[in-house]
Amino acid sequence: LEKREPKLGERQADIAIVGGGLGGCAAALAALGLGKQVVMTEETDWLGGQLTAHCPLQFDLPAASRSKV
């Protein structure tokens, strides 16, 4: 493959990971550990997939709910 400079808005990486769930995060960490450049996409505002989607942290809850936690 021929190397070229990325255009505005483009990213260059050795590996593209689609999805920031546990598997995607593990794959990204493994690739980074091997010295690869990684780009990851995730459709939500958080990483961790269903694990983090169903386990809100106390600071994520509205103030009225915190006293009940």
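This is a short walk through a predicted model, one selection at a time.

**Before you click.** Residues are numbered from 1 along each chain as its sequence is written. Because the model is predicted, local features need pLDDT of at least 70 and side-chain atom pairs count only at pLDDT 80 or more, while totals for chains, interfaces and linings use all residues; side-chain values use heavy atoms, with hydrogens and water left out.

**Whole chain.** Start by showing the protein chain as a cartoon. You'll find three helices and two strands, running β-α-β-α-α from the N terminus on. Here helices (H or I, at least four residues) and strands (E, at least two) are DSSP runs, numbered from the N terminus.

Now colour by pLDDT, the predictor's confidence in each residue, from 0 to 100. The chain averages 80, and 74% of the residues score at least 70.

The chain exposes about 6000 Å², with carbon and sulfur atoms supplying 58% of it; areas come from the Shrake-Rupley method with a 1.4 Å probe, and for residues, only the protein chains shown count as cover. Of the 69 residues, 9% are buried. Buried means under 20% relative accessible area, exposed over 50%, and partly exposed in between (1.4 Å probe, protein chains only).

**Stop 1: Arg11.** Select Arg11, in the segment before S1. Arg11 has a relative accessible area of 67%, so it is exposed.

**Stop 2: Ala27.** Next, pick Ala27 in helix H1 (residues 22-33). Ala27 counts as partly exposed because its relative accessible area is 37%. From its C-alpha to that of Val38, eleven residues away along the chain, is 9.5 Å.

**Stop 3: Gly49.** Move to the loop between strand S2 (38-41) and helix H2 (50-53), where Gly49 sits. Gly49 is partly exposed, at 24% relative accessibility. Which residues is Gly49 in contact with, leaving aside its neighbours within four places in sequence? They are Gly20 and Gly21, where contact means heavy atoms within 4.5 Å. Gly49 and Gly21 lie 28 residues apart in sequence, yet 3.9 Å apart C-alpha to C-alpha.

**Last stop: the largest pocket.** Select Glu2, Lys3, Arg4, Gln12 and Ala13, the closest to the pocket's centre of its eleven lining residues. The volume is about 250 Å³. A pocket is an open set of points on a 1 Å grid over the protein atoms alone, where a 1.4 Å probe fits, with protein on both sides within 12 Å along at least five of seven lines; lining residues have an atom within 4 Å of a point. Points are joined across faces, edges and corners, and the volume is the space filled by probe spheres set on them.
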